[in-house]
Amino acid sequence: MTPIPFAGDGLQRAVDWGLSDGLNEDNAKIDAETRKNRINHYEDGEKRMNGMLRDTAIARGISKKELDASPGEYEDHLQPKAKEWYLSGMAQADKLTGQ
């Protein structure tokens, strides 16, 4: 055997090793950026959804003070109102479907 295949194999392994470190670093950066983008997308969507829910509640007559109430106040005051809206909506749906 000649030493050329062994030298070529050694050289190829060194190149592969050098490239793999760079590629692993690039992949890590892309993964971190992707995670950051997904978190930002989720948080933005959550803010928009909460804003729409808040606007809907205000349009239905709940005051900003009521919306900002503590959880105990919510359970005592707003939860029965939400139940009333639900039952009213179900009754309206029954009317629309002829039941």
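These questions and answers look at a predicted model of a protein chain.

Q: Why is Met 52 called exposed?
A: Its relative accessible area is 54%. Exposed means over 50%. Met 52 is therefore exposed.

Q: What makes Met 49, Met 52 and Leu 53 a nonpolar surface patch?
A: Nonpolar side chains, Met and Leu included, are joined within 5 Å when their residues have over 30% relative accessible area and no salt bridge. Met 52, at 54%, clears that area cut-off. The patch made by Met 49, Met 52 and Leu 53 covers about 320 Å².

Q: Where is Met 52 placed in the chain?
A: Met 52 lies in helix α1, residues 3–59.

Q: How do you know that the side chain of Glu 66 makes a polar contact with the backbone nitrogen of Ser 63?
A: The side chain reaches that nitrogen at 2.8 Å. The cut-off is 3.5 Å, so the pair lies within it.

Q: Which residues does Glu 66 touch, not counting those up to four places away in sequence?
A: Glu 66 touches Gly 61, His 77, Leu 78 and Lys 81.

Q: What makes the order of elements α-α-α?
A: The chain has three helices and zero strands. From the N terminus on, the elements therefore run α-α-α.

Q: How much of the chain counts as buried?
A: Of the 99 residues, 4% do. Buried means under 20% relative accessible area. The accessible surface comes to about 8,800 Å², and 58% of it belongs to carbon and sulfur atoms.

Note on methods: Residues are numbered from 1 along each chain as its sequence is written. This is a predicted model: local features need pLDDT of at least 70, side-chain atom pairs count only at pLDDT 80 or more; totals for chains, interfaces and linings use all residues. Side-chain values use heavy atoms; hydrogens and water are left out. Patches are made of residues with over 30% relative accessible area and no salt bridge: like charges are joined within 9 Å, nonpolar side chains (Val, Leu, Ile, Met, Phe, Trp, Tyr) within 5 Å. Accessible areas come from the Shrake-Rupley method with a 1.4 Å probe; for residues, only the protein chains shown count as cover. A salt bridge is a side-chain nitrogen of Lys or Arg within 4 Å of a carboxyl oxygen of Asp or Glu. Helices (H or I, at least four residues) and strands (E, at least two) are DSSP runs, numbered from the N terminus. Buried means under 20% relative accessible area, exposed over 50%, partly exposed in between (1.4 Å probe, protein chains only). A polar contact is a pair of N or O atoms within 3.5 Å; within protein, one must be able to donate a hydrogen and the other to accept it, and residues adjacent in sequence count only if both atoms are side-chain atoms. Contact means heavy atoms within 4.5 Å.
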